[in-house]
Number of protein chains: 2
Amino acid sequence: MSDSLFSFELIAADGDARAGVFHTPHGDIPTPIFAPVGTQATVKAVTPAQLAEIGASLVLSNTYHLFLRPGADLVAEMGGLHKFMNWPNPILTDSGGFQVFSLAKMRKIDENGVTFKSHIDGSTRRLTPEISIEVQEKLGADIIMTFDECAPPLERAYSELAMARTHAWAERCLMAHRRNDQALFGIVQGGAFADLRRQSAVTISSMDFPGYAIGGLSVGESKSKMAEMIDVVNAILPANKPRYLMGVGVPEDLVNCIQRGVDIFDCVLPTRLARHQTAMTRLGRLNLLNASYAHDTRPIEDGCACYTCFHFSRAYLRHLVVAKEILAATLVSIHNLFFLLELTRQARQAIQEGRYKQFAEEWLAAKDSAG
Amino acid sequence: MSDSLFSFELIAADGDARAGVFHTPHGDIPTPIFAPVGTQATVKAVTPAQLAEIGASLVLSNTYHLFLRPGADLVAEMGGLHKFMNWPNPILTDSGGFQVFSLAKMRKIDENGVTFKSHIDGSTRRLTPEISIEVQEKLGADIIMTFDECAPPLERAYSELAMARTHAWAERCLMAHRRNDQALFGIVQGGAFADLRRQSAVTISSMDFPGYAIGGLSVGESKSKMAEMIDVVNAILPANKPRYLMGVGVPEDLVNCIQRGVDIFDCVLPTRLARHQTAMTRLGRLNLLNASYAHDTRPIEDGCACYTCFHFSRAYLRHLVVAKEILAATLVSIHNLFFLLELTRQARQAIQEGRYKQFAEEWLAAKDSAG
């Protein structure tokens, strides 16, 4: 349906790891890639110019939040999300499903959708597969998502029910979707159960989506269980379509999941940590409030090429944190986002050079050696 | 004493208005100029790269704040303020005098200085002319200020006393100052009393400072009184030295005071207004929270060349404000700072072209016509 404007080009494979390019109307997305999250049509504390300088390509925004405020009609009236937030490059919106289940107060699920109370003003709102698609079409992102139900990963009965509903809703989203300049991705659910994940992957890949997402992981299950689920699903998903692991941004998870054939990641982690004065490094996290950094002339990470590391010491960043200066959030967000984007750039390079396994081992060893 | 590394070059005069260049070891300051304030070694919510893009030249930082946190020794240890905050261009530090009188809890003034309680932790601290200079030498700004006492402008007896103390302290600052790569400016006080201002201007200009400041205005007296005081003082200050009006950032005041021969201004107003969702324009202030901007596709100000106006609508900025996003403070700060710097750039151009009076009239008429 939207294949004409979108295509996934596989450039190199190294084991199960893949390097590719997803072509979209707003530009190419090199994969593997980490997508910064701009929940309310802004990556918190970072300008689009700074995002571009970091090397961001795909940016995610949340349908749930924009549906409630400022509303999809307003965004459409302003020329769509790209123009509204001044991000001329690719954008992905999620379906609102996850946030309805994690943020909204009071929700009532039926076969047709979910009625809930807004976490902002308590007003009663409703999302269905058709409304989610309508909202996402108004927002106008390049990649949009099917409306799904995300169950707690260890509850078998609920996982089965939510999966069945997710499959039915995926069909309805496909039917409802009209814009051919948007790629609608299907979402695999099934909790932490291999047989359900297998069943979901088979069902969702039988529908003709230009890309596939794995939802409902990294929400409480173990790391080994997450890896197992990804292996089960990726063995079934078509190799010639991009694979998006939703909501995962821990560096080690990126390294491991790229090795298992994941192409796209997103997470609020780097910017959320930054607003809590925490910097991400290859050797682990730094809490910049720590008194040990008061006289530290080093950058957050030696050798890092980001604006923050190039120009500012840990001592200065600690001063900003102690003095409660907004600039701390901006500078640490820039570093943390650069850090994850640089990780995916280096991973891509390693895949192209056929040394991904070695790259992954070195990455994980550096972290382990730091304790 | 520091004349070798500093010089003030007068390029053009138009009535009492002057266009010049103040040469400093960290670069040239074109005058008239507005200096953004980076109180705690950061212009709030704005990176140095953004400041440079705005066209900022001189940046101010506050000795009182840095003395208390992180401390002048730490800044010196980190290579000085330019390196610490990554502003390689000219920096000015004030003496701490004004903040001791406006921010500190409990203060005891004697002939040698001021003992006060820190507004941060309540600890007892002391500033004297000698300590202020020592702290400012450790911070390492290009322009530093004499330690002064700023009295309420309408209290005659206190104004006389504070002026006398300011004069004695100015002598002591001159004696204490050692670094020849810093220009120490003297400060004229005298409240809202023409005879005191005259006396202060005569006394301070009899000391050999490379530049002169007018302190203690825009703190409660009327606009016409402020203008009168500036006229009295500028008639006495030497024409071949820069004149700095401290703490003034209202656009109309800049226009009027440039006409009266002021060269340098600083104020927290543009960044403080920005953090309270208020944008500055030629026609007056916009409160971006106002519902009338919800669907407004226009930039803050038509024709403005700043990053914010070039890329974002009022509707988007209002959305950021309503959603309490940090980016609102950053984008509106960028606009407000650009607005004042552009005002001084245009004023300078008008002076060079001999049409400052017309420029000032048009500026003030535009504001008046908007009500």
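This is a predicted model: local features need pLDDT of at least 70, side-chain atom pairs count only at pLDDT 80 or more; totals for chains, interfaces and linings use all residues.
The assignment for chain A puts domain 1 at 7–267 and domain 2 at 268–371. I then looked at how they touch: domain 1 of chain A puts 32 residues into the contact, and domain 2 of chain A puts in 29 residues.

Next I listed the elements on the domain 1 side. Strand 1 (7–14), strand 2 (17–24), strand 4 (33–36), helix 1 (48–54) and helix 10 of chain A each give two or more residues to the side that touches domain 2 of chain A. Helix 10 of chain A has the largest share of that side, with six residues. I sorted the residues of this side of domain 1 by class and wrote down 21 nonpolar, six polar and five charged.

**Entry: helix 10 against helix 14**

Helix 10 covers residues 251–259 of chain A, and helix 14 of chain A covers residues 326–352. I found that their axes come within 11 Å and cross at roughly 25 degrees. Angles under 35 degrees count as roughly parallel, so helix 10 of chain A is roughly parallel to helix 14 of chain A. I recorded the crossing of these two helices as right-handed.

Which residues make the contact? From helix 10 of chain A I noted A:Pro251, A:Leu254 and A:Ile258, and from helix 14 of chain A I noted A:Leu340, A:Leu343, A:Thr344 and A:Ala347. The contact of helix 10 with helix 14 of chain A has six nonpolar residues, one polar residue and no charged ones.

**Entry: helix 10 against helix 15**

I looked at helix 15 of chain A, residues 356–369, in the same way. Its axis and that of helix 10 of chain A are 10 Å apart, and the two helices pack at an angle of about 160 degrees. Angles over 145 degrees count as roughly antiparallel, so I put helix 10 of chain A down as roughly antiparallel to helix 15 of chain A. The crossing of helix 10 and helix 15 of chain A is left-handed.

On helix 10 of chain A, the residues I found in this contact are A:Glu252, A:Val255 and A:Gln259. They meet A:Tyr356, A:Ala360, A:Trp363, A:Leu364 and A:Lys367 in helix 15 of chain A. By class, I have five nonpolar, one polar and two charged residues for the contact of helix 10 with helix 15 of chain A.

**Entry: chain A against chain B**

I turned to the two chains. In chain A, 32 residues are in contact with 32 residues of chain B. Helix 3 (72–77), helix 12 (307–311), helix 13 (314–322) and helix 14 of chain A each supply at least two residues of the chain A side. Helix 13 of chain A gives the largest share of that side, five residues. The side of chain A that touches chain B holds 18 nonpolar, ten polar and four charged residues.

**Entry: how the copies are related**

Definitions and conventions:
Residues are numbered from 1 along each chain as its sequence is written. Chains are lettered from A and ligands numbered from 1 in the order in which they are written. Axes are lines fitted to C-alpha atoms, for helices over the stretch in contact, and angles run from 0 to 180 degrees between N-to-C directions. Helices (H or I, at least four residues) and strands (E, at least two) are DSSP runs, numbered from the N terminus. Angles under 35 degrees count as roughly parallel, over 145 as roughly antiparallel, 65 to 115 as roughly perpendicular and the rest as oblique. A crossing is left-handed if the near helix is turned anticlockwise from the far one by less than a right angle, and right-handed if clockwise. Two residues are in contact if their C-beta atoms, placed from the backbone, lie within 7 Å. Ala, Val, Leu, Ile, Met, Phe, Trp, Tyr, Cys and Pro count as nonpolar, Asp, Glu, Lys and Arg as charged, and the others, Gly among them, as polar. Domain bounds come from an automatic or database domain assignment.
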